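Good morning, colleagues. Please have the sequence and the coordinates open while I speak.

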Amino acid sequence: MDAYFGFMTIIAFLNFYHWRSAMGWRAMKFSYGVKDTSGPLFLSCVCLDRFIAVLFPIAFGQLKDIKYRIGLTIIVLLLTFAYASAKMIGGLPNFEKVFTGEVLFAFTWMVVCNVAILWALKRSRGAGKDEMNPMKRKAFKMVLSILIIIISNYLPPVAMFPFEDHYPRKIFICYVQPVGFAFVNISSTIQPLTYLSRLEKVPFLPDSCVEKLSCKEKEKPSNK
C-alpha cells in the first residue's frame with residue numbers, strides 16, 4: 001500500500017504540471033483514500049497481533065492459523081477500497097468525519113496496545129533480576145520505537161480534526177487539513193524504512209549495503 005501511494009505521487013506531479021487530467025486527479029484521490037485507511041487499519045491489526053502474543057500467549061497459540069489473518073486482511077481491504085472509492089467519487093456530506101472517526105479509533109487502539117505491551121514486558125523480569133533478558137529488551141525497544149512513530153504521525157490529525165466544526169470552513173480546508181494529512185502522508189515513508197532497517201536480509205540490496213543501513217545491533221565476536 002505504501003509503495004502504491006509512493007508511486008502515485010509521481011503520477012500526481014505529472015498531472016499537476018503536465019497532463020492536468022480529471023482522470024489523473026481521480027486516480028490520485030483514490031490513492032489518498034487507500035493511504036488514509038490502509039495505514040491505520042493494518043497497523044491496528046499488527047498491534048492486535050502483538051498485543052495477544054504478549055498478554056495472552058495461550059490464546060495466541062490457538063489463533064495462529066493463517067485463516068484468521070487472511071480474514072482480517074480481507075475485511076481491511078474491503079473497508080479500504082470502499083473508503084477510497086467514496087473519496088474518489090466525492091460529494092458525500094460530512095465525508096471528512098469518516099476519516100476523523102477512523103483515525104481516532106485506530107490511534108487510541110494502537111496506543112493502548114503498545115502501552116500494554118511495554119507494561120507487560122517491563123513487568124516480566126525474572127525473580128530477583130533488575131534487567132530484562134536480551135530478547136525482551138530488544139522487543140521492548142522495537143515496540144517503543146513503533147509507539148513513537150505512531151504518536152508522531154497520527155497525533156496531529158487526532159488533535160486537530162475532531163474540532164473541524166470550530167474552524168471556519170476555508171481555514172480548515174486550506175490550513176488545518178493539509179497540516180494534519182502531511183504527518184499521515186510521511187508515515188508512508190517512515191514506517192517502511194523503519195521496517196526495512198531492522199531486516200537481516202533485504203532481497204533487492206546487497207549484504208554490504210544492508211550492514212551499513214541496518215539499525216540492528218551487531219553481535220560482538222566471541223572470545224572462545
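Predicted model: local features only at pLDDT ≥ 70, side-chain atom pairs only at ≥ 80, totals over all residues.

The chain holds eight helices and zero strands, and its pattern along the sequence reads α-α-α-α-α-α-α-α. Of its 224 residues, 33% are buried. If we take the contacts between residues at least 6 apart in sequence, 66% of them join residues at least 24 apart.

Let me turn to helix H6. This element covers residues 134-160, which is 27 residues, and spans 39 Å from its first C-alpha to its last. That figure is close to the 39 Å expected at 1.5 Å a residue. Where does the kink in H6 lie? It is placed at Tyr 154, shortly before the proline Pro 156, and amounts to about 45 degrees. Both Tyr 154 and Pro 156 are among the buried residues of H6. Others in that group include Phe 140, Val 143, Leu 147, Ile 150 and Asn 153. As a general point, an α-helix has 3.6 residues a turn, so residues three or four places apart point the same way. The cover over the buried residues of H6 includes helix H2 (22-55), helix H5 (96-123) and helix H7 (169-197).

Which of the elements gives the most to the lining of the largest cavity? That is H7, with four residues. By class, the lining has two nonpolar, five polar and two charged residues.

Next comes an open space, the second largest pocket. Its volume is about 660 Å³. Its lining is made up of 30 residues, and those nearest the centre are Trp 25, Lys 29, Tyr 32, Lys 87 and Phe 181. At least two lining residues come from each of helix H1 (2-19), H2, helix H4 (66-89), H5 and H7. Here H7 again gives the most, now with eight residues. How do the lining residues of this pocket divide by class? There are 17 nonpolar, six polar and seven charged residues.

I close with the backbone of two loop residues. Most residues other than glycine have a negative phi. Arg 20, in the loop between H1 and H2, has a positive phi near 55 degrees. Asn 94, in the loop between H4 and H5, likewise has a positive phi, near 55 degrees. Are these two residues buried or exposed? Arg 20 is exposed, because its relative accessible area of 64% is over the 50% cut-off. Asn 94 is exposed as well, because its value of 53% is also over 50%.

Thank you for your attention.

Key. Residues numbered from 1 in each chain as written. Heavy atoms only, no water. Expected span 1.5 Å × (residues − 1). Bend = angle between axes of the 7 residues up to and from the residue. Buried < 20%, exposed > 50% of the residue type's maximum accessible area, 1.4 Å probe, protein only. Contact = heavy atoms within 4.5 Å. 1 Å grid on protein atoms, 1.4 Å probe; cavity = no way out; pocket = protein on both sides within 12 Å on 5 of 7 lines; lining within 4 Å. Points joined across faces, edges and corners; volume = space filled by probe spheres on them. Nonpolar A, V, L, I, M, F, W, Y, C, P; charged D, E, K, R; others polar.
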